[in-house]
Amino acid sequence: MVETSKESLSIQDLGLIYQTSAGPIEALRGVSLDVRDGEFISIIGPSGCGKSSLLKLVLGLQDATRGEIRIAGVPVKGPSRNAGGVFQSPVLLPWRTILENVLLPVDVMKIDRKTAMDRANELLKLVGLGGFETRYPFELSGGMQQRAAIVRALVHDPRLLIMDEPFAALDALTREQLSAEVQRLWLESGKTIVFITHSINEAVFLSDRIIVMSARPGRIVAEYKNPFPRPRTFADMGSPELASLMIDIRESLDRASAT
Ligand SMILES: Nc1ncnc2c1ncn2[C@@H]1O[C@H](COP(=O)(O)OP(=O)(O)O)[C@@H](O)[C@H]1O
Ligand SMILES: [Mg+2]
């Protein structure tokens, strides 16, 4: 089928140098990556290797030093309606209710409120937050706040969802629950997801493809495919295929961290 080769995200020879008072810091070098429409990929790499920088570039929140990023064929010049981001901490506004927080992009992007409201309510139910619309962030657990942040990133119906270590601040059990929910959300929505994580386990559980980045300057050093059928369960993680995939990625990550 021709459609399956359609690219949702295309990154060409991306380079990023931060100019700081202490001199230039080369964060990314020669990063090229194509992500298929509807694909789930994870990016894994040592701390400080430029993962968050890469995502900020893709979200149009900062400019690259060189190279090009296209989302659905359109060069990224600034924040795009075709992409949504979820970050390490949910950054909800404390004075807004959950529903108002989720609808934030609607005001910024001038989307039809009625359509967005229906979508928000449907997504809140999908992530188990039905009934919490009028609550305030402080009334919700960390996991529930991060669920709300995921809904906010999807409220304008972007094709591409980018998640930067979204579970990093959560406890192990909540991480597992949210991983399972992200899998379900992905299966039901058909979105393209780029997921950044420190956890090999999470990357393997969720992804079609796992990309390993080197220490700074961040480059792509390895790529692993994971054709294991879905829906996957945590019990599947003990299967020989997935266990051996995790060992391979671990070794690759150790090499990447040492360079
Ligand atoms: N705004 C900035 N100004 C200067 N250096 C930065 C800035 N943001 C990140 N860096 C540096 O760029 C490198 C990559 O950072 P980051 O993208 O946050 O990595 P990661 O998310 O993989 O941990 C780090 O060395 C970091 O200190
Ligand atoms: Mg980061």
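In helix 1, the buried residues are Lys 51, Ser 53, Leu 54, Leu 55, Leu 57 and Val 58. That makes six of eight, so the helix counts as mostly covered, a residue being buried if 20 or more other C-beta atoms lie within 10 Å of its own. Just after helix 1 comes Gly 60, with a positive phi of about 75 degrees.

**The model as a whole**

This is a predicted model. The average pLDDT of the protein is 93, and 98% of the residues score at least 70. Residues 1-5 fall below 50 in pLDDT. Beyond near neighbours in sequence, this stretch has two contacts in the model.

The protein has eight helices and 10 strands. Its C-alpha trace spans about 50 × 45 × 45 Å along the principal axes. How does the radius of gyration compare with that of a compact globule of 259 residues? Such a globule would have a value near 18 Å; the protein has 18 Å, which agrees. Of the 259 residues, 40% count as buried.

**Around ligand 1**

Helix 1 returns here. Ligand 1 is surrounded by 13 residues. The closest are Tyr 18, Ala 27, Lys 51, Ser 52 and Ser 53. Which elements each supply at least two residues of this shell? They are strand 1 (7-20), strand 2 (23-36) and helix 1 (51-58). Helix 1 gives the largest share, three residues. By class, the shell holds four nonpolar, seven polar and two charged residues. Two of the closest residues, Lys 51 and Ser 53, are also among the buried residues of helix 1.

Strand 3 covers residues 40-44, and five of its five residues are buried. Are its faces covered or open? Both are covered. Phe 40, Ser 42 and Ile 44 lie on one side, Ile 41 and Ile 43 on the other, and all are buried.

Strand 3 pairs with strand 8 (residues 192-196) in parallel, over four bridges. Strand 3 also pairs with strand 9 (residues 209-213), again in the parallel sense and over four bridges. Ile 43 takes part in both pairings: its bridge partner in strand 8 is Ile 196, and in strand 9 it stands opposite Ile 211.

**The antiparallel sheet**

Strands of a sheet pair through backbone hydrogen bonds, either parallel or antiparallel. An open sheet of four strands shows antiparallel pairing, in the order 2-1-4-5. Strand 2 and strand 5 (74-75) stand at its edges. Each has a single partner strand, so one side of each is left without a neighbour in the sheet. Strand 1 and strand 2, members of this sheet, also supply residues to the shell around ligand 1.

Strand 4 (residues 66-71) and strand 5 run antiparallel and are joined by two bridges. Arg 70 has Pro 75 as its bridge partner in strand 5.

| Strand pair | Sense | Bridges |
|---|---|---|
| Strand 3 and strand 8 | parallel | four bridges |
| Strand 3 and strand 9 | parallel | four bridges |
| Strand 4 and strand 5 | antiparallel | two bridges |

Key. Residues are numbered from 1 along each chain as its sequence is written. Chains are lettered from A and ligands numbered from 1 in the order in which they are written. This is a predicted model: local features need pLDDT of at least 70, side-chain atom pairs count only at pLDDT 80 or more; totals for chains, interfaces and linings use all residues. pLDDT is the predictor's confidence in each residue, from 0 to 100. Two residues are in contact if their C-beta atoms, placed from the backbone, lie within 7 Å. A residue is near a molecule or strand if its C-beta atom, placed from the backbone, lies within 6 Å of it. Ala, Val, Leu, Ile, Met, Phe, Trp, Tyr, Cys and Pro count as nonpolar, Asp, Glu, Lys and Arg as charged, and the others, Gly among them, as polar. A residue is buried if 20 or more other C-beta atoms lie within 10 Å of its own, exposed if 12 or fewer, and partly exposed in between; C-beta atoms are placed from the backbone. The radius of gyration is taken over C-alpha atoms; the globule rule is 2.2 Å times the number of residues to the power 0.38. Two strands pair if DSSP finds at least two bridges between them.
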